[in-house]
Amino acid sequence: MARACPRQQRKGDPNVTTAKKTTPPSSESGASPVVGRPVLSCPGEIQKALGFSDSEFKEKCRKCAGKVADTEIWSSKKMQEEYRKTLKDPNVKTGADVQAEVRKSLASQGYMTVTQGTTDSSGNIKVKKQKGPCAKLKEKATEIHEKVHQDHTKDLEKKHGKGTSAFKKAWNDASDWVQDEINAHAADQKFWNDFKAECKA
């Protein structure tokens, strides 16, 4: 099983697309602290990383820095909330259990999940191609999310040995899975907040 990035999502999680009308409040745009590798944060860094000209970046800001970015941030925070809730259930013991509970909870609220990216237990990342004017930004946010999972996978390999039973147990542990998802969602929130800030600079 891969850890996914659902919107509502995770390592290999499903991104949550709202199946019911839910407009995220624009006030919910603060990022959670990020553990681990720094993400793009210097002025002009996102524009440079994605290869946008000045005029292209201004257009991306016009189309993507408002409702799109706020929705992505809200969705990511919603996923963190859903992952945390799974640990209250004593029957949730594995990553698969966590994912199943998250999907079930979201479905009961009228949300569907769509996987935008995955990171497998070997640290291999896959990012789904997006469409529309904000596609490159969404792909980069997913990539950053998955890099958190990849880095954590490497840390577990160093601690337990690659492919060992101890590694597999740790990688699939529910508490570890949830914390890794929380960290990954914090990273993609930071990307969107940095993008919004860069647009205002």
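This is a predicted model: local features need pLDDT of at least 70, side-chain atom pairs count only at pLDDT 80 or more; totals for chains, interfaces and linings use all residues.

Me: Let's start with glutamine 80. Why is this residue called buried?

Reply: Buried means under 20% relative accessible area. Glutamine 80 comes out at 3%, so it counts as buried. You'll find glutamine 80 in helix α3, residues 67-86.

Me: And what makes a polar contact between the side chain of glutamine 80 and isoleucine 182?

Reply: The cut-off for such a pair is 3.5 Å. A polar atom of the glutamine 80 side chain sits 2.9 Å from the backbone oxygen of isoleucine 182, so the pair falls within 3.5 Å.

Me: Next, α7. What makes it "largely enclosed"?

Reply: Count the buried residues: 21 of the 27 in α7 are buried, so the rest of the structure largely encloses this helix. α7 covers residues 174-200 and reaches 39 Å from its first C-alpha to its last, close to the 39 Å expected.

Me: Which residues have the most contacts inside the largest nonpolar core?

Reply: Those are Ile46, Leu137, Phe191, Trp192 and Phe195, in a core of 19 residues. α2, α3, α5 and α7 each supply at least two residues of this core, and α7 gives the most, with 5 residues. Phenylalanine 195 touches, among others, Ile46, Phe57 and Leu137. Another core lies apart from that one, with 16 residues, including Trp74 and Phe167.

Me: How do you know that the buried residues of α4 line one face of the helix?

Reply: Look down the axis of α4: the buried residues fall within an arc of 135 degrees, so they line one face. They are Gly95, Val98, Gln99, Val102, Ser105 and Leu106. On the other side of α4, Lys104 and Ser108 are exposed. The length checks out too: 14 residues at 1.5 Å a residue should span 20 Å, and the end C-alpha atoms of α4 are 20 Å apart.

Me: Last one: what makes β3 and β4 a pair?

Reply: Two strands pair if there are at least two bridges between them. β3 and β4 have 3 bridges, in the antiparallel sense, so they qualify. Threonine 119 has isoleucine 125 in β4 as its bridge partner. The two strands form a hairpin with 5 residues between them, and glycine 123 in the turn has a positive phi of about 90 degrees.

Technical notes: Residues are numbered from 1 along each chain as its sequence is written. Side-chain values use heavy atoms; hydrogens and water are left out. Helices (H or I, at least four residues) and strands (E, at least two) are DSSP runs, numbered from the N terminus. Buried means under 20% relative accessible area, exposed over 50%, partly exposed in between (1.4 Å probe, protein chains only). A polar contact is a pair of N or O atoms within 3.5 Å; within protein, one must be able to donate a hydrogen and the other to accept it, and residues adjacent in sequence count only if both atoms are side-chain atoms. The expected span of a helix is 1.5 Å times one less than its number of residues. A nonpolar core is a set of buried Ala, Val, Leu, Ile, Met, Phe, Trp, Tyr and Cys residues joined through side-chain atoms within 4.5 Å. Contact means heavy atoms within 4.5 Å. The arc is that of the directions from the helix axis to the C-beta atoms. Lists of a residue's contacts leave out its neighbours within four places in sequence.
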